[in-house]
Amino acid sequence: MLVHSLHSYFLRPGDLNLPIIYHVHRIRDGNTISTRLVVAKQRGRELFIMNASFQQPQNGFEHHEPMPSAPDPDKLLSREKLLDSYLIDPQVPMSQRNSLAKSKLIPSPIEIRFCEPYEDFNMAAREPRQRYWIRTRGKLSDDQALHRCVAAYSSDLLGPETSRYPHQREGQALAVRSLDHSVWFHKPFKADEWLLFMIESPIASNGRGFTIGRMYTRSGELVVSVVQEGLIKGKMQPRAKL
């Protein structure tokens with residue numbers, strides 16, 4: 001059996017310096033569908049809960065939304081090269097270039113190539129959507145369970161921040177913290193090959209941002225769907241004294 005859906009809730013922040021204990025509860029074992037409940041604890045307190053459903057592969061009816069056109073990932077810059085280019089771009093404010101030069105970019109196991117310019121220094125309001133290609137930096141085994149784990153991990157890297165785009169303002173610090181996260185795996189795929197991740201946020205309300213995402217293979221197959229809700233927090237930064 002392979003996992004076909006995950007439904008998670010992030011209850012409270014954890015401590016990176018302490019171990020996390022995962023309790024797995026066997027809810028149901030069926031001939032075609034099985035269910036597990038996972039509870040993550042630290043210091044005896046629940047940090048995270050997740051329902052996972054597993055299915056025996058079977059034939060059935062099929063249809064899917066076609067993949068919209070997107071730039072070829074091989075012709076796009078990696079996130080690292082894109083950020084490096086900003087260091088010598090005169091259109092980027094000098095203060096931002098200095099900040100980028102001093103910042104330490106933590107290497108990611110996931111390679112990201114944006115279809116549109118990724119201007120994390122630009123705090124102007126913009127449409128709540130983004131598109132980018134993702135894949136692992138190295139080759140994975142043929143274990144389909146591993147590829148699904150990687151896709152689930154990748155879906156939480158930048159997706160939730162899409163909901164804050166229309167509300168960005170210069171001098172305002174906004175952050176989005178995941179509240180819940182659901183992932184559906186529709187078909188087999190390879191996470192070490194390019195996947196197009198398309199994300200949009202149709203609504204933000206009551207301090208929560210809602211996002212919907214879809215992952216397509218390079219050949220146009222819809223293989224993963226993602227829905228997330230995050231808590232949007234922000235405050236105006238104090239003006240520097242002259």
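The questions and answers below go through a predicted model of one protein chain.

Me: What percentage of the contacts in the protein chain with a separation of 6 or more join residues 24 or more positions apart?
Reply: Contact here means heavy atoms within 4.5 Å. Among contacts with a separation of 6 or more, the share from residues 24 or more positions apart is 68%.

Me: What percentage of the residues of the protein chain count as buried?
Reply: A residue is buried if its relative accessible area is under 20%. The protein chain has 242 residues, and the share that count as buried is 38%.

Me: Is glutamine 42 buried or exposed?
Reply: Glutamine 42 lies in strand 3. Its relative accessible area is 6%, and the limit for a buried residue is under 20%. Glutamine 42 is therefore buried.

Me: Which residue has its backbone nitrogen 2.7 Å from a polar atom of the side chain of glutamine 42?
Reply: Glutamine 42 touches Gly14, Asp15, Leu18, Pro19, Ile20 and Leu47, leaving out residues up to four places away in sequence. With proline 19, the side chain of glutamine 42 reaches the backbone oxygen, at 3.5 Å. The backbone nitrogen at 2.7 Å belongs to aspartate 15.

Me: How is histidine 25 classed by its relative accessible area?
Reply: Histidine 25 is placed in strand 2, residues 21–29. Its relative accessible area is 38%. Buried needs under 20% and exposed needs over 50%, so histidine 25, at 38%, is partly exposed.

Me: How far apart in space are histidine 25 and leucine 37, C-alpha to C-alpha?
Reply: Not counting residues up to four places away in sequence, histidine 25 touches Thr35, Arg36, Leu37 and Val39. In sequence, histidine 25 and leucine 37 are 12 residues apart. In space, C-alpha to C-alpha, they are apart by 5.0 Å.

Me: Is arginine 113 buried or exposed?
Reply: The place of arginine 113 is in strand 5, residues 110–114. Its relative accessible area is 14%. The cut-off is under 20%, so arginine 113 counts as buried.

Me: With which side chain does the side chain of arginine 113 make a polar contact at 2.8 Å?
Reply: Beyond four places in sequence, the residues that arginine 113 touches include Leu76, Tyr132, Trp133 and Trp194. A polar atom of the side chain of arginine 113 lies 3.4 Å from the backbone oxygen of leucine 76. The polar contact at 2.8 Å is with the side chain of glutamate 111.

Me: Which element gives the largest share of the lining of the largest pocket?
Reply: The largest pocket holds about 720 Å³ of space. Its lining has 26 residues, and Phe10, Ile20, Tyr22, Phe48 and Asp156 lie nearest its centre. Strand 1, strand 3, strand 4, helix 3 and strand 7 each supply at least two residues. The largest share, 4 residues, comes from strand 7.

Me: How many residues in the lining of the largest pocket are nonpolar?
Reply: By class, this lining has 4 charged and 5 polar residues. The number of nonpolar residues is 17.

Me: Which element gives the most to the lining of the second largest pocket?
Reply: The second largest pocket has a volume of about 590 Å³. Of its 19 lining residues, Gln55, Gln58, Phe185, His186 and Lys187 are the closest to its centre. Two or more residues come from each of strand 1 and strand 7. The most, 3 residues, come from strand 1.

Technical notes
Residues are numbered from 1 along each chain as its sequence is written. This is a predicted model: local features need pLDDT of at least 70, side-chain atom pairs count only at pLDDT 80 or more; totals for chains, interfaces and linings use all residues. Side-chain values use heavy atoms; hydrogens and water are left out. On a 1 Å grid over the protein atoms alone, a cavity is a set of points where a 1.4 Å probe fits but cannot get out, and a pocket is an open set with protein on both sides within 12 Å along at least five of seven lines; lining residues have an atom within 4 Å of a point. Grid points are joined across faces, edges and corners, and a volume is the space filled by probe spheres set on the points. Ala, Val, Leu, Ile, Met, Phe, Trp, Tyr, Cys and Pro count as nonpolar, Asp, Glu, Lys and Arg as charged, and the others, Gly among them, as polar. Buried means under 20% relative accessible area, exposed over 50%, partly exposed in between (1.4 Å probe, protein chains only). A polar contact is a pair of N or O atoms within 3.5 Å; within protein, one must be able to donate a hydrogen and the other to accept it, and residues adjacent in sequence count only if both atoms are side-chain atoms.
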